[in-house]
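Good morning. Please have the sequence and the structure open while I talk.

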Amino acid sequence: MAFLNQFATYFNAQEKETELYQLWSSIGVNMEKAILEEQNRINAEFTDINNFSEDTMRSWLAFFLQKIPYRTTATTQVSVSLDDGDYARTTINKYDELTTDDGVIYTLMEDIVLLEGDIRTVTAVQGTRITETGTYHSIIKFQANNPDLSYLTVKINGEEIPEVSYETSYDQLSFLGSWKPQKEIEHDYGGTPYLQDEYGIKGEAYWVIADGETKFSVEGLPIEFRRGDLVVYDGEKWQRSAYTNKLSPIQFADTFAVPRNGYFAYYYDGYLYIKVFAGTEINNPNGQPYEVSYIKSDGIQGEIEENQLHFVSSYEDLNENTVKLVVTNTKSSVAINEPSTGKLGLYLKQRLYSSINVSSVPEYTAWFNAQPEVGDCLVLSDYERWVRQGKTTMEVTGIVDIYLVDPNGNSLASDVKERLLERIEPYKDIAVLQISEFTPVEQHLAFEYSTTTSMESFEQFVKAKASQYYNLAYLQSKDSSLFENLDLAAIIQDIQQTSPYASTGLILKGYHYLRYHELVSYGMRISQESYADERPGRGWCTLTYKTKKIIDGEEKEVEVTRILEEVEIAGSLVSCQIYDEYNTAVPVGSHVEKLVTLDFTNPQLYSSGGVSDPNLAGETVPMTDAVLEFYWGMENEGILSIGDEKGLRKLHSIDIKKV
């Protein structure tokens, strides 16, 4: 306490031992504590978001284009059939209304077409559908009473448009290669290759590979560049994006995520506001006619019990006979009049403190993938780590882990990582970013097929096609990543659709590969963890070693590879035995859940005289310095996982054989 530290200086050591000093100290400390608590209370009253009015928080959230519902409407399932009678086809239109005896209105959300004997069940939502029309100019604004924005539809010039989507400008940078600021002989400015203001496409960029100075027009001012910068065309001029990437909005206006191609709606102070954002799919809406429809809801006042509804209108069949309808409904779902003030405060805090610039996992992913040094990336926040780890509770750290590889799929150098962090610093939120090391997970793909029109050519095609799924350029063209699980079914489908060679019986099984971290010798017992999704009994090990044997009366050194097969135990999904392919009498180990154990101490297995393989007859010494390799089979044979929360898949080998 600051008070106690200062108060102690007023007294000597003897006085501090007195009862009076202890009393004064206690009073002073408690007084200081009370003053601080009162000060904190006053500060909180004026600064705590939860103390702001509900309309204020709604208006701020709308400013940030964050969708906030005003009302969640009750829904019910309505079943409709034709009553007894010889009726022809009868149609009940979407948005027709049903009512209770007390006047509670529900609106159908689907068309119903009935024939005799049919029963149709559709969704109805509580409330009346309201439609407003006009001509669009900058924004739509009209008075609305209790709207449920979940059922809002917006049409511009007769065409229904979707809700707004967001694009990150870094997704649209087009890297054209390297650039030097030095002048070419035939040009006084522009660098190499030659760049000139007013010539280019917005978003075109080059990676600066040398220090230097240049300008981009006769009248332009010289700009100093450093190796590692970007030179970016902003739509009018070529600009320097420093290696720290401190771009200003003037230099490159779309650095942030920007709204495109749709409408954004929010409700504030009795008015419904709708902003339409143009883009590649929606033309400029100004001057165009609009039509806006929404459900006006009574909220919790509109909840109903079973079998309370009947149609407001009467209906005729195709023969103009008035039909009788049998209508039943379920008890309605619970309606919510509005989000609580506390929840609005949480939404606003999240927006203010965690979503100002680049903040979400998709935005970080898009940003890093757009950098020329990066080939692929994985971004994990607290939530993503919690999902991947499968823990009961989520640990909130505020740390965002970034796992990066270069365009060749390898780790980045330390100075490159530092440069990337400096470059993103002006645009990231308050989260702590750390670039962490990924876990390489090597994989083995095993193909089998029955027939083909050209065996050698077909096998080469299959290997080339499967290898593409580990090629970064190909994956990015497919909007995929090396940090994602591998869909084996997609590979098979791709081969079957694109192969110029007919084939039958093609199947693919995936395995995780790992080489044991040290050489194995006779007399060792080893243990190794497999991945979490490995099912015992689906994999094998290979043991490769050198030994000496008598060949034509002469002792020679030969290399031997032996297969150690996992054999399922009947009725068990979590354990299996492991046997040498040439000695199935005595197990050499076991695979129980995630733990693989191998025992090389049995002389009947790995010493002279104990080998049942006829090809190894005459072996004269036990095996030594053996290489042990694991091939683990999957739990789910349709998906080959990356096997680790921060894993990146790498191709170890591909095997294809005719069976």
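This is a predicted model: local features need pLDDT of at least 70, side-chain atom pairs count only at pLDDT 80 or more; totals for chains, interfaces and linings use all residues.

Three strands make up an open sheet, and their order is 24-25-26. The pairing in this sheet is mixed. At the edges you find strand 24, residues 376-380, and strand 26, residues 432-436. Each of those two pairs on one side only. From one strand to the next, the twist averages 25 degrees.

Now look at how strand 25 meets strand 26. Strand 25 covers residues 399-405, and five bridges join strand 25 to strand 26. These two strands run parallel. To find one of the contacts by eye, go to Tyr 403: its bridge partner in strand 26 is Ser 436.

Next, the helices. Helix 6, residues 382-389, lies across strand 24 and strand 25. Its direction is at about 90 degrees to strand 24.

Helix 7 spans residues 414-424. Which residues of helix 7 are buried? They are Val 416, Lys 417, Arg 419, Leu 420, Arg 423 and Ile 424. Viewed down the axis of helix 7, these buried residues fall within an arc of 160 degrees, so they line one face of the helix. What do they pack against? The partners are strand 13 (204-208), helix 5 (361-369), strand 25 and strand 26. On the face turned away from the buried side, helix 7 carries the exposed residues Ser 414 and Glu 418.

Strand 33, residues 540-551, pairs with strand 34, residues 554-568. The pairing is antiparallel and runs over twelve bridges. Ile 551 stands opposite Glu 554 of strand 34. Two residues sit between the strands of this hairpin, and Asp 552 has a positive phi near 55 degrees.

Last, the cysteines. A disulfide is a covalent bond between the sulfur atoms of two cysteines. How many disulfides does the structure hold? The number is zero. Take Cys 541 as a case: the nearest cysteine sulfur belongs to Cys 576 and is 9.2 Å away. For a disulfide, the two sulfur atoms would have to be within 2.5 Å. Cys 541 is buried, with a relative accessible area of 1%. Cys 377 is buried too, and its relative accessible area is 4%.

That is the end of my part.

Key
Residues are numbered from 1 along each chain as its sequence is written. Side-chain values use heavy atoms; hydrogens and water are left out. Buried means under 20% relative accessible area, exposed over 50%, partly exposed in between (1.4 Å probe, protein chains only). Two strands pair if DSSP finds at least two bridges between them. Helices (H or I, at least four residues) and strands (E, at least two) are DSSP runs, numbered from the N terminus. Axes are lines fitted to C-alpha atoms, for helices over the stretch in contact, and angles run from 0 to 180 degrees between N-to-C directions. Contact means heavy atoms within 4.5 Å. The arc is that of the directions from the helix axis to the C-beta atoms.
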